[in-house]
Amino acid sequence: MIKRVSGVALLLLLLAGCASQQDFDSLSWEVNTLSSRLEKSNETFSRNKRLLDQCLKQQATLQARYAELQTEFMSLKGSIDEVSVLGAGVDDKRLDAMERRIDDFQLQLDDFASSTAVLYKDGLDAYKKAKYEEAIGVFDAYLEGKPDDSLVDNAHFWTGESLYQMGRYEDAVLSYDRVVKKFPGSEKVPDAMLKQGMSFLRLGDKQTGRLIMGRLVKEYGKSDAASRARDLLGGK
């Protein structure tokens, strides 16, 4: 069996003329392997960066169109209200045409909401495939679109989950905290508190981690997250 020699130690041996050809070949193989991994990491980063740029561009376009639609929608609505106040002499055909246009704009606004929901789905799909960096980028693009629906708390939670899986526990704590503080009625709160506590444990802050999980058990005692917290707390 070839004994593995660290890069620094092998360099010293080479300088001293004591390293074998096998040692030199071993070092060369490790360098080539690391170079290959670095190249793949750079390719992955570039691909994720392109995806994020596309998402942000799409989000900016949708948001601009959304603002335009809202402005025109309110203008048309104001016109209809004004015409309605006049009462007699109203041109029914014109009024009907305005109402149809408003309905059309409402459909376009609904399409916009559906488009932003697609970003959320893309982020969740990326997470499930363990593409955590990509998932974070897509969720960020989704949240920057200021979507007005019930998935915002979920997006913050899955961002936290992605960060947790990457070992970025401090950032994960902040994402979980947004769920807990901004969406106190969310069904994700117990899970967010559990993972926030676990993140502190990973960071070596056992006191804060146990404190958060103790609060979880107290406030959401019947949840699955609380049950897991009890196990982590030693059954207490």
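In which helix does Asp191 lie? Asp191 belongs to helix α7, where helices (H or I, at least four residues) and strands (E, at least two) are DSSP runs numbered from the N terminus. The structure is a predicted model, in which local features need pLDDT of at least 70, side-chain atom pairs count only at pLDDT 80 or more, and totals for chains, interfaces and linings use all residues. Residues are numbered from 1 along each chain as its sequence is written, and side-chain values use heavy atoms, with hydrogens and water left out.

Asp191 is partly exposed, at 30% relative accessibility; buried denotes under 20% relative accessible area, exposed over 50%, and partly exposed the range in between (1.4 Å probe, protein chains only). Apart from neighbours within four places in sequence, Asp191 is in contact with Phe157 and Ala225, contact being defined as heavy atoms within 4.5 Å. The C-alpha atoms of Asp191 and Arg228 are 9.8 Å apart in space, while 37 residues separate the two in sequence.

Helix α7 (residues 189-202) packs against helix α6 (residues 169-182) at an angle of about 155°, and the two axes are 9 Å apart. Axes here are lines fitted to C-alpha atoms, for helices over the stretch in contact, and angles between N-to-C directions run from 0 to 180 degrees. The two helices, α6 and α7, are therefore roughly antiparallel, given that angles under 35 degrees count as roughly parallel, over 145 as roughly antiparallel, 65 to 115 as roughly perpendicular and the rest as oblique. The crossing of α6 and α7 is left-handed, a term used if the near helix is turned anticlockwise from the far one by less than a right angle, with clockwise giving right-handed. Residues of α6 that take part in the packing include Tyr169, Ala172, Val173 and Tyr176, and those of α7 include Val189, Ala192, Met193 and Lys195. The charged end of Lys195 also sits over the ring of Tyr164, 4.2 Å from the ring centre; this description requires NZ of Lys or CZ of Arg within 6 Å of the ring centre and within 35 degrees of the ring normal.

Aromatic rings were examined next. Rings of Phe, Tyr and Trp (its six-membered ring) pair if their centres lie within 6.5 Å, and planes under 30 degrees apart count as stacked, over 60 as edge-to-face and the rest as tilted. Seven aromatic pairs are counted by this rule. In one of them, Tyr120 and Tyr142 are tilted, at 5.7 Å centre to centre with 55° between the planes. Tyr120 lies in helix α3 (residues 92-128) and Tyr142 in helix α4 (residues 132-144), so this pair ties together parts that are 22 residues apart in sequence. Both partners are buried, Tyr120 with a relative accessible area of 8% and Tyr142 at 0%. The ring centres of Phe157 and Trp158 are 5.2 Å apart and the planes stand at 80°, so this pair is edge-to-face. Phe157 is buried at 4%, as is Trp158 at 17%. Ring pairs join Phe157 and Trp158 with Tyr127, Tyr132 and Tyr176 in a cluster.

Helix α5 (residues 152-165) holds His156, and Thr159 is found in helix α5 as well. His156 is buried, with a relative accessible area of 12%, and Thr159 is buried at 6%. Residues up to four places away in sequence being excluded, His156 touches Leu143, Ser175, Arg178, Val179 and Phe183. With that exclusion, Thr159 touches Ile136, Phe139 and Ser175.
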